[in-house]
Amino acid sequence: MRNLGPEFIDITWNAGGRTSELTSEMVRLCQGVIGIETCMHLTCTNMPKEKEAKKHGCRNILALSGDPPQGKEEWEAVEGGFVHGIDLVRHIHKEYGDYFDIAVAGFPQNMLLPPEERDLELKYLKEKIDAGVNFIFTQMFYDVDIFIDWAKAVRAAGITIPIVPGIAPIQTWNGFLKATSLAKTKIPQSFMDALEPHQNDDEKVRAIGTKLVADMCRKILQADLGIQGLHFYTMNLEKGTKMLLQELNLVPRVETLKPLPWRQSLTPNRRQENIRPIFWANRAQSYLSRTENWDEFPNGRFGDSRSPAYGELDGYGVSLKQTGEEALKLWGEPKTFDDVAQLFSKFCLKKLSALPWSDQPVSGETSAIATELSKINQLGFLTINSQPAVTFGWGPGDGFVYQKAYLEFFVNPELLEILISELEMDTKVTYYVINKQGDLRTNSHSEGPNAVTWGVFPGKEIIQPTIVEAISFMAWKDEAYELGVKWANIYETTSPSRKLLMGLMDNSYLVNVVHNDFKDSKAIFVPFFKAGEKYAASRPKANGSVQTNGALN
């Protein structure tokens, strides 16, 4: 859902507040790891006053009375707790001032109440607003005329804050009936006439429902009510909402979603962070965990990463995302180096969905160098991270983005020496080499970071969000090798696969290479092709096969 570009997402409470811990954890994950603003639902139901939203960087609260606790039909406020939503609003302002934007619920179907009840509900809503509410989320509805009448009544009552209508995509016939029944939502006869004949065809119901709800949204936005946004009830189902956004032409351009090439963390102490080492490009959560105790984060320049130090691996824990069964299905049981190289090659060509060093398939921009990556893997350079030299991919429009070509890989000592001799002939190349024991070797004469990605945008300082530097590489080294060990450990102790992978981790070097001429997109591969050919030519042949890394190919 993040790729659909929402301003924020809601994190709800279960009825009776039963999932409060899960709610808090979801806020932490979305703000800190996924990098998306949240609006945390907060209820009076059996919950203490203090919440963890602020700690996790959430700045939006939907204050609700909530449902009675499970197993009870009436309110029983905890000691010092709240009964009404307005009490929660007042408490938040008392404790946190204006830190949070606060929303409350609005109920368009109150327009169907008798006039006295309707007016009383508007009075209660006005009291909440006057207590310090910033915007109103409405309950779902499908009768647009009822919503428009209600919105006009709200304005007539002197309420001027933004109203955000609650829009529920129609996913299935049964789901539609159940949701509207629970919320006692009035269904226009035109909806029933259009949907009911297709009640046994969910795809047809979704397609027709998308058109109906989209037309409703257009009427709302064109009704001169000052409506500036729509609040979609996804119910954890992406497809219906995505179809609706596409129908409304509200799916954003990529650059509006990616102000940086990596996902920004929105926790309080990381909101201004705009520089990270490239080594954790495929393991962002690990980087967040290992740097969570830093007092400040790089903004404009990358300082001395030794102070404070990266967290130890023991604190984060390195593990494969896949279960043992899933890993075996993905990677089989490699018995030769060539078997391993073929897995890496297939991953680069998008024929394999994951490797231990990357839980996700390769990025779209990698397609520009996929063929070259596949080839160097077959030559003996097992790539675990890469970046093409390109001038696109992230940031606001009307600017320029530059990326230097970058490769990171495992390689055996003999092939490494041949590669180093080739790299030394190109003055535009810098490299770092490290072994499992931590012995570092480099041709870089600078102790500072090397920016491998930077952007120039109108009205902004030049930003350099991705860098290569020695101390971070040394910290990443332990994690990179440990992931290989975890892969080996899915196999039996005496199996050929385990011995092969443990041998690779024990004897291979981890290397990163940057080609500093960002205008030459393929120059970085030339030394690898030459070194690979020389190495293959130098290997003894057995039964017509060339030996690589000590295993027959």
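Modeller: Contact means heavy atoms within 4.5 Å. By that criterion, residues 24 or more positions apart account for 70% of the contacts in the chain with a separation of 6 or more. The model is predicted: local features need pLDDT of at least 70 and side-chain atom pairs count only at pLDDT 80 or more, while totals for chains, interfaces and linings use all residues. Residues are numbered from 1 along each chain as its sequence is written, and side-chain values use heavy atoms, with hydrogens and water left out.

Colleague: What makes a stretch of the chain a helix or a strand, and how many of each does the chain have?

Modeller: Both are DSSP runs, numbered from the N terminus: helices are H or I with at least four residues, and strands are E with at least two. The chain has 18 helices and 19 strands.

Colleague: How do you know that the span of helix H4 agrees with its number of residues?

Modeller: The expected span is 1.5 Å times one less than the number of residues. For the 13 residues of H4 (residues 144–156) this gives 18 Å, and the end C-alpha atoms are 18 Å apart, so the two agree.

Colleague: Which residues of H4 are called buried, and what do they pack against?

Modeller: Buried means under 20% relative accessible area, exposed over 50%, and partly exposed in between, with a 1.4 Å probe and protein chains only. In H4 the buried residues are Val144, Ile146, Phe147, Ile148, Trp150, Ala151, Ala153 and Val154. They pack against several elements, including strand S4 (101–106), helix H3 (115–130) and strand S5 (135–140). In the chain, 48% of the 553 residues are buried.

Colleague: Why is proline 496 called partly exposed?

Modeller: Its relative accessibility is 47%, so proline 496 counts as partly exposed. This proline is found in helix H17 (residues 496–507). Leaving aside neighbours within four places in sequence, proline 496 is in contact with Pro334 and Lys335.

Colleague: What makes S4 and S5 a pair, and in which sense do they run?

Modeller: Two strands pair if DSSP finds at least two bridges between them. S4 and S5 have four bridges and pair in the parallel sense. Alanine 105 stands opposite phenylalanine 137 in S5. The chain crosses from S4 through H3 to S5 in a right-handed β-α-β crossover; that term applies if, with the strands pointing away from the viewer, the path from the first strand over the helix to the second runs clockwise.

Colleague: What joins S5 to S6?

Modeller: Three bridges join these strands, which run parallel. Methionine 140 stands opposite glycine 166 in S6. Here the chain crosses from S5 through H4 to S6, and this β-α-β crossover is right-handed.

Colleague: What is the strand order in the open sheet of five strands, and which strands stand at the edges?

Modeller: The order is S9-S11-S16-S12-S13, with antiparallel pairing. Strand S9 (382–387) and strand S13 (440–442) stand at the edges; each has a single partner strand, so one side of each is left without a neighbour in the sheet. Three bridges join strand S12 (residues 429–434) to S13, and the two run antiparallel. In S13, threonine 442 is the bridge partner of tyrosine 432.
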